[in-house]
Every structure is written in C-alpha cells, then in structure tokens.
Amino acid sequence: MAAVLGLIAGSYEQVTFGYTVNTDEPEWTAKAEFTHHAHTASISAAATSERFVVTGSKDETIQLYDMKKKIEHGALLHHDGTISCLEFYGTSHLLSGGEDGLICVWGTKKWDCLKSIKAHQGQVTSLSVHPSGKIALSVGTDKTLRTWNLTNGRSAFIKNIKRNAHIVRWSPDGDKYVVVVNDELNIYDLETASVTATITNPKRISSVKFLNNSILAVAGDDENVRFCDLGKEKWVCEFKAHENRVKAVDSFVMEDHCILVTASNDGFIKMWKLYLKEELESPTLLMEVNTTARLTCLAVWKPSSVQPPAEEPAAPTTTPQELIQELSKTKRVRIAAEEVILEDESKPKKKKKGGGKKPTE
C-alpha cells in the first residue's frame, strides 16, 4: 500500500500549494490537491501536524487548512508584523514567532492563543522545540539566543551571540543544536552551551534540516544542496538540486533510506532518494512538480506522524545544569495551558487573543 503524504509550499505570489504524492509506482507522481490563496502578502513560513497545515505571511496572519476535511479553517490574528517562524509540538500545540518579537503558543483544539511571550527586543527569526518538549530555543534580531523552559514557563538563560542569527534547530536526539548566522553554521553542544565547530557555506544559508543526528542538509542562495557531517565537522557531499537558489529543504525516513524534499525560486518542488551510509553519494531524483511560482517555504505532511503521549511536567529548573539534568530523564512534558511560557506580562497587548476570523468547527 502506498504511503500517504503531501507536499506543502508557500510562495511570493501569496499562494499555498498542496500536492498528494503517489509512492506506489516506480516513478512517483504528485497530484495537485489544493491551492490556498488566503494571504494578501508573500508567505514566509509553513508547518504541518497530523491534521492541519498552517502558513504565516507578511500580512501578519496565520492561515489554517484542515487536511482531514479539505477545507479552510480560519485565521489566527495575534502578531503585529510578519510571521517569521511556525512549529508544531505534536498535535496539541503550535508555536509562532514574528517580527513583533513575540512567541505565541496556540492550542490546536480550539485554536486559542494560550500564551504570548515578549521573547526578543526585535524580530523572532527562528524557534525550535527540543524533542522532549521541555525546552525551546529562539533567536532574534537582538543578537541573542534564548532558552525557554517549558516546564516552569520562564526564560531559562540568554546567550549573546554578537550577530543576528536567522535559523536555530535541535538535533533529533536533542544533544546538540545548530545556529545559522548568514553563511556560518555554528554547532552547539547542549551540555556546555558553547560552540564546538563553525562551518562556512559558500553562500548565505536559507534552510537546514537534520537527516539524522549527525548529517545536516543545508540549502543556500545557490542551486546546490550540501550535506554536513557534524561529527567530522566538514562538508561530505553536495549536488545541484535546482536551476535557481534553493529556498527550503525538508526530509523524512522511508524504509531503509531518507527522502529529501527541496523547493526553489525556480518553481519546482523535488523529491530525492538518499542512502545515509558512511560515504554519502548524491541522491537520485524521485519526482518533481512545477508550481510555476517563486517558492519561499516548504513542509511535508504525514498524517501518521503522531506525537507520543505526554506525561506530567517535571519540577521547575533554574540553572542550565539543572535543565540538562532534567532533560536526561525519560519523562516527557505536557505543555498545558497554565504551564506554557509566559514572559514580560507588564506590557499591554495591542491585539486581542486569537481574534479575527474565528476558526470553523
């Protein structure tokens, strides 16, 4: 039986494209599932859960699409400025970051804005939730890397990084993370919270994706995708993926290999087959589809990707060392409404919670 999966891509032309991929034939094919023109400005971010697709835009809105019912599901209006990053934690919560310096935590049951955090003095450029769900990282235009403790709802610690970073990502095992500043890839160790290596890309980096705990796919402002071995601290393979700059990469594991997905300004979404072995070789092209639009972001939708059940929150932590000890435990944390991050409530909110067009039931 064919694996059910979809490809979601946003564009400068304000349109979100959705495709269903048929993996049951030797040559994979993509069928247009929907085009969603709900935004009034270019799309800047996209994310998927088991049921929903969300897109963020320069029009200050987050648009929802219900993949189960195949309908538009409304809009989330809380940010003031461009939506810069979106990330689901399991199926229960969505985190969004914006030009207004806020990180918002949304409950996906009623799509309420549960908490609003003044996270950065400037734009939130990227965020990433630890695989345990206990902490999150964010970077912004205030030249800081911030760690948020999701168990006690407070800022755990702040690290000055001298320059504005635009991407942060946890590794799948959660023992390290990468911070991207222009063309530099900085690898951080969780235990020491310090940089263990810096690797330079030939061009400014636009997107990164961990293929496993050591191999990172990196796209930049050119036609190539490069693979970095974080253990060896060097580039190990690269290939030409598109005719124009690659804007976004995503991936998932299928049987004994990895599927890499790329999207470009040339309008194409491509899927590649890659074997993660000792000596990496260039992947083989499985499928491509031309959206005829200038693509900006990408997400893979897999309805079977369900987050494991959460457990009760652990005791609050107050120092980086205590946080590391807490992360070493096997318990998983629920991000409940009364426990989610809350920072700097002294400033009045300009907008009402979750307002605007109410999501449909």
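**View 1. An open four-stranded sheet, β8 to β11.** Four antiparallel strands line up here as an open sheet in the order β8-β9-β10-β11. Strands are DSSP runs of E with at least two residues, and helices are runs of H or I with at least four, both numbered from the N terminus; two strands pair if DSSP finds at least two bridges between them. From one strand to the next, the twist averages 20°, with axes as lines fitted to C-alpha atoms and angles running from 0 to 180 degrees between N-to-C directions.

This is a predicted model, in which local features need pLDDT of at least 70 and side-chain atom pairs count only at pLDDT 80 or more, while totals for chains, interfaces and linings use all residues. Residues are numbered from 1 along each chain as its sequence is written, and side-chain values use heavy atoms, leaving out hydrogens and water.

**View 2. The β9 and β10 pair.** Zoom in on β9 (residues 93-98) and β10 (residues 102-107), antiparallel strands joined by five bridges. Look for Gly97, whose bridge partner in β10 is Ile103.

**View 3. A second open sheet, with β28 at one edge.** This sheet also has four antiparallel strands, in the order β3-β2-β1-β28. β3 (29-36) and β28 are the edge strands; each has a single partner strand, so one side of each is without a neighbour in the sheet. Ignoring direction, neighbouring strands here are turned by 25° against each other on average. Seven bridges join antiparallel β2 and β3, and Asn22 stands opposite Thr29 in β3.

View 4. Beyond four places in sequence, the contacts (heavy atoms within 4.5 Å) of Ile259 include Trp28, Phe252, Met271 and Leu286.

**View 5. Stretches to treat with care.** pLDDT, the predictor's confidence in each residue from 0 to 100, averages 85 over the chain. It stays under 50 over residues 305-318 and is below 50 over residues 330-357. Where pLDDT is low, the predicted coordinates should not be read in detail.
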